[in-house]
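Student: Could we go through this structure together, starting with its sheets and then moving on to the helices and a few loop residues?

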Amino acid sequence: MFDGPPIAVIGNGPVGQTTALLLARWGIPVLLLDQRPARDVVGSKSICQQRDVLDIWASVGAERIAREGLAWTTARTFYRDRELFSWSFVDPGRSALPACVNISQSRTEAILDDCIAAQPLIDLRWGHEVTGISQDDTGVTLTSDTGTLQVVYAVLCAGARAETLRQQLGVTFEGESFDDRFLICDIRADLPGWENERRFYFDPVWNPDRQVLIHPCPDSTYRIDWQVPEDFDAEAERADGRLDARIRQIVGDRPYEIVWQSVYRFQSRCADRMRVGRVLLAGDCAHLYAPFGARGLNSGVPDAENAAWKLAFVLHGWAPVELLETYHLERHAAALENLDVTSATMRFLVPPDAAHWSRRRALLDAALADPAKVADVDSGRFAEPFWYVDSPLTTADATRPFGGRPPRGQLPPPGPGIVVPDAPVTGGGRLRELVRDGLLLLTTDGTQTAVSAEGVDAAGLAATIAAATCAPHRVVSLTDLGLDNTVVGARPGEAWLIRPDGHVSAVLTDLSPESVRTAVRRTLSAGRMPAEL
């Protein structure tokens, strides 16, 4: 366990909760600070959680999120009253976790709160508004209305409104806001046939020239998003019956109950830096996206995981401090990718000028008659893990070139920079659970022969890794796990080096001690280890 000063996590939303839990899992004491006096219950908010995020939460004891969420499987997109296309999730492995679940943010936060309450390394303090942040070579000083706090590092998860703290760090938050507003209603109703489908409507007759998105949630609850004009008045609509009419256009004469209602605008923004010295920025504090594609929380939680394992490795002395800069390099690249995807979606959903409107109508009309045009219809590309193929921690493999974004709902073939597929393993558990405790060298059929050719036995691989790093590590055979090479896309004689966040950092065919040491050192900050600094 790390015995030094704690890390401060500022902001107790889902990203801050996840950061604190992951750090504590690595044995790091955490101060979890939030300016609110207590948890405020909100409606559905960030509801769509994809498999890789569920996997992260499962690693900190929050498996209930996956179990309680509603696992939908199919996304349908309509133009007016006709279906244009649909897609379903493709699972390259055999994960026990669903590809995606819908669950209200309030319920997610409640489950994570229970995990935090059971974690003695997390000191949760409500009513602590951090108003000042400064740092030097020894640590970070936080100023709040209750005094000052000294910590060794800080992770800023305080959301989009943390402008004062961003400014004190010298971080800009450039982007744009969209004029159109969006009305959300969580309703409870019985809608047979809709329980496992996300439905997206372009220009329905009951919301012309705008969109409607419908998501199923647990307990016969549905979230409905209407795009509405800039001057939309929610209270007036509710008072005069127009809101009821909106809902009736979808549910017909079935009984329904409004559970929650809100109106909001979308923003697309990205911080220019996600690491400033001893302070890391994560979640909405670092990036904001339009929600079509569910890339907000599904990007913030991977921020938390990336930050946590790297901070833990540095604090335990398993990697040099330079590893922290790769947090910015990797997660800022992920943020820009998400910004590119969601901004393109918003340009299609909310065309900025007459030319874009004309193009959209023409494309939607053409797609009704020509299936080849469907690929250009953008109703939101669903969240997917970012692929660290260009990271300085990744050893490229010329035989596995990255082919770019795969089709909707699919993932690229496994390889360096890609998250390793999941599958159940012999003795219980899942492959992805094995990666969480350090570095994993996954050997394949034929590795024994390749290792022997280098003059060392299989056990020598573990000794080679131990000579390269004092970080936790293990060498595991796919065969011993009850898996064959095809599960991860491996070839005979290879060994796959996997990071604590499940991303493949190297595929080794040369299993000499020098080759293994080089790959390990690169994984822990481009080849530099503490003894070499």
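Tutor: Before the sheets, one convention: two strands are said to pair if DSSP finds at least two bridges between them. Strands (E, at least two residues) and helices (H or I, at least four) are DSSP runs numbered from the N terminus. This is a predicted model, in which local features need pLDDT of at least 70 and side-chain atom pairs count only at pLDDT 80 or more, while totals for chains, interfaces and linings use all residues. Residues are numbered from 1 along each chain as its sequence is written, and side-chain values use heavy atoms, with hydrogens and water left out.

Student: OK, so in what order do the strands of the 6-stranded open sheet run?

Tutor: The order is β7-β2-β1-β11-β18-β17, with mixed pairing. The edges are taken by β7 (122-125) and β17 (275-276), each of which has a single partner strand, so one side of each is left without a neighbour in the sheet.

Student: And in which sense do β17 and β18 pair?

Tutor: Antiparallel, over 2 bridges, with β18 covering residues 279-281; within that pairing, V276 has V279 in β18 as its bridge partner.

Student: What about the sheet with 4 strands, what's the order there?

Tutor: That open sheet reads β21-β20-β22-β23, and its pairing is mixed. Here β21 (473-477) and β23 (504-508) are the edge strands with a single partner strand each, so one side of each lacks a neighbour in the sheet. Neighbouring strands of this sheet are turned by 20° against each other on average, direction ignored.

Student: Which strands does β20 pair with, and in what sense?

Tutor: With β21 the pairing is parallel, over 5 bridges, whereas strand β20 (residues 439-443) and strand β22 (residues 495-498) pair in the antiparallel sense over 4 bridges. L442 in particular stands opposite V476 in β21 and has W496 as its bridge partner in β22, while L441 is bridged to L497 in β22.

Student: Is β20 mostly covered or mostly open?

Tutor: Mostly covered, since 5 of its 5 residues are buried, where buried means under 20% relative accessible area, exposed means over 50% and partly exposed lies in between (1.4 Å probe, protein chains only). In a regular strand the side chains alternate between the two faces of the sheet. In β20 both faces are covered, with L439, L441 and T443 on one side and L440 and L442 on the other.

Student: Which helix lies across β20, β22 and β23?

Tutor: That is helix α14 (residues 513-523), which runs at about 170° to β23; axes are lines fitted to C-alpha atoms, for helices over the stretch in contact, and angles run from 0 to 180 degrees between N-to-C directions.

Student: Switching to helix packing, how do α1 and α4 cross?

Tutor: The axes of α1 (residues 14-25) and α4 (residues 105-117) come within 10 Å and cross at roughly 25°. That makes α1 roughly parallel to α4, the label used for angles under 35 degrees, with over 145 counted as roughly antiparallel, 65 to 115 as roughly perpendicular and the rest as oblique.

Student: Which residues meet there?

Tutor: From α1, P14, Q17, T18 and L21 meet Q105, E109, L112, D113, C115 and I116 of α4, with contact meaning heavy atoms within 4.5 Å.

Student: Now some loops: what does R39 touch?

Tutor: R39, in the loop between β2 (30-33) and β3 (48-50), touches N12, G13, Q17, E109, D113 and W126, not counting residues up to four places away in sequence. The C-alpha atoms of R39 and W126 are separated by 8.6 Å, although the two residues are 87 residues apart along the chain. At 21% relative accessibility, R39 counts as partly exposed.

Student: And R430, is that buried or exposed?

Tutor: R430 is buried, with a relative accessible area of 9%, and lies in the loop between α10 (354-369) and α11 (431-434). Its contacts include D55, A58 and D422, not counting residues up to four places away in sequence.

Student: Last one: what is the phi of D209?

Tutor: D209 has a positive phi of about 60° although it is not a glycine. Most residues other than glycine have a negative phi. D209 is found in the loop between β13 (197-202) and β14 (211-217), and is partly exposed at 31% relative accessible area.
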